Amino acid sequence: MVVGAGPSGSISAYLSAKKGYKTLILDMKDFPRYKACGGGVTWRAYNFLRGLGILIRSLEAYHREVLIRGFGEEVRVSSDSEEFAVATMEREKFDEELLGEAIGQGAEFRRLKVRGVIQREAGVGLNGIGIKARYAIGADGAYSLTANSSGIRRWSDEDLIFAIEGRAPPHDELTFIVDASPSGYGWIFPRGGDSNAGVGGAVSRSRDVMMAFERFSKLYGVRMVGSWVIPTGGHGKPIARGRVLLVGDSAGLADPLTGEGLYYAFRSAYECVNSLESEDPASSYHERMRDVLDELKLKRMARRIIVPRMDFFFRAFASYPEIARRYMLTSIGKLDFREFWSWGLLRIPRAILRRALRASERKLLRMILQGTGDHPR
Ligand SMILES: Cc1cc2nc3c(=O)[nH]c(=O)nc-3n(C[C@H](O)[C@H](O)[C@H](O)COP(=O)(O)OP(=O)(O)OC[C@H]3O[C@@H](n4cnc5c(N)ncnc54)[C@H](O)[C@@H]3O)c2cc1C
């Protein structure tokens, strides 16, 4: 049984039905339904789905180049090949398509609001409803009742990003604006006939994020559509217990630096369903996810270092475009984040130092010129 028919739930149900398991997928909403999201699909998320045999038709635009701007600087980075870096879509269509893939494999969809799960020795039941299953995959998003009712975990403020999304006019380039929000960033993702645009930041600073959105919406003509949280703390908490296994946002598996959740939704669904074959699926799932959880842990540490000093880091990035290029390649999954981090451990401080030296050279030159009464042309 899969609770929630968003991307992580539908891919879990697709894979489970494909393996021949009798699969029930439940959602409290009928599809298509709205879900707050930027609608950005990284190359790695797309490619992962392709590897599972799903070729997405609802993608609307493909962007090879990404513009990152802020603090008076701009960097353009492009994917290393002919392939796109980020494609864009509308979640209503995308999620409906993924659910269709699950149903196409034989999963049964039912509209039902789940109030909680009860674990028993021989299986899992739903609170107040006579539905039973051998396993429950919790794919019911950020405020997962499956996770809460089975006592697997709860979030703290540091685990959550708050994000507001809206519609904006068509825009030439896929753009990240790193000074749009005090504890996060703004985005403009052009699609077919318009753009998805918004800002995100720490949930503990949600008032600042709302004020940032006000400014951002005036600047780029954005009409607010919705807001929601992105949970990123799953790497430090259990993601399964007994017969209940959590995937996607329910497990808190979004990228703490970018808020990307789709790749992790697909990847966790894949590892989760494959672990059902084992004697102890919960341990096997933790084991299979170890690499991903380690990567997310490192990204959380990087967030703590980078985000409060974004101006400082972004200026260094801008003065050393190879850092920005490699960072982008990690974000779209073409370069491992751990590789980037160890490569950058020497280069990033060097770039910062070089920038600081250049600034003090300029200051010194200004002082000398002022002293001699001479002025640069
Ligand atoms: C503003 C914003 C922008 C974002 N932009 C991006 C982006 O550009 N790219 C990216 O990769 N990620 C982005 N994310 C993150 C991404 O949206 C999530 O990581 C992704 O939706 C997780 O998928 P999921 O299936 O785990 O959960 P969800 O998509 O939240 O699906 C959960 C499903 O469970 C159902 N449900 C919930 N409770 C119950 C219940 N009690 N009973 C039955 N059904 C229930 C819901 O109706 C829903 O259909 C963004 C998030 C936000 C908030």
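A residue here is buried if 20 or more other C-beta atoms lie within 10 Å of its own, exposed if 12 or fewer, and partly exposed in between, with C-beta atoms placed from the backbone. Helices (H or I, at least four residues) and strands (E, at least two) are DSSP runs, numbered from the N terminus. With that in hand, take strand β16 (residues 195-202): eight of its eight residues are buried, so the strand is largely enclosed by the rest of the structure.

This is a predicted model, where local features need pLDDT of at least 70 and side-chain atom pairs count only at pLDDT 80 or more, while totals for chains, interfaces and linings use all residues. Residues are numbered from 1 along each chain as its sequence is written.

**Around β16**
- Two strands pair if DSSP finds at least two bridges between them.
- β16 pairs with β13 in the antiparallel sense over eight bridges, and Ile164 sits opposite Val199 of β16.
- Strand β15 (residues 185-190) also pairs with β16, antiparallel and over six bridges.
- In that pairing, Tyr185 is opposite Gly200 in β16.
- The link from β15 to β16 is a hairpin of four residues.

**Helices**
- In α6, 13 of the 14 residues are buried, so this helix is largely enclosed by the rest of the structure.
- From first C-alpha to last, α6 reaches 20 Å, close to the 20 Å expected at 1.5 Å a residue (the expected span is 1.5 Å times one less than the number of residues).
- Helix α10 (residues 321-331) is mostly covered, with eight of its eleven residues buried; among them are Ile323, Arg326 and Tyr327.
- After α10 comes Gly333, with a positive phi near 90°.
- Arg338 belongs to helix α11 (residues 337-372) and counts as partly exposed, with 14 C-beta neighbours inside 10 Å.
- Leaving out residues up to four places away in sequence, Arg338 touches Glu295 and Leu298 (contact means C-beta atoms, placed from the backbone, within 7 Å).
- Arg338 and Asp294 are 44 residues apart along the chain, with 9.1 Å between their C-alpha atoms.

**The six-stranded sheet**
- Six strands make an open sheet with mixed pairing, in the order β8-β2-β1-β12-β19-β18.
- β8 (108-111) and β18 (240-241) are the edge strands with a single partner each, so one side of each has no neighbour in the sheet.
- β18 runs antiparallel to strand β19 (residues 244-246), joined by two bridges, and Ala240 is opposite Leu245 in β19.

**Domains**
- The protein chain is assigned domain 1 (2-297) and domain 2 (309-372), with bounds that come from an automatic or database domain assignment.
- Their C-alpha centres lie 32 Å apart.
- The contact takes 18 residues from domain 1 and 17 residues from domain 2.
- On the domain 1 side, α2 (43-51), β5 (65-70) and β6 (73-78) each supply at least two residues.
- That side has ten nonpolar, four polar and four charged residues.

Technical notes
Contact = placed C-beta atoms within 7 Å. Nonpolar A, V, L, I, M, F, W, Y, C, P; charged D, E, K, R; others polar.
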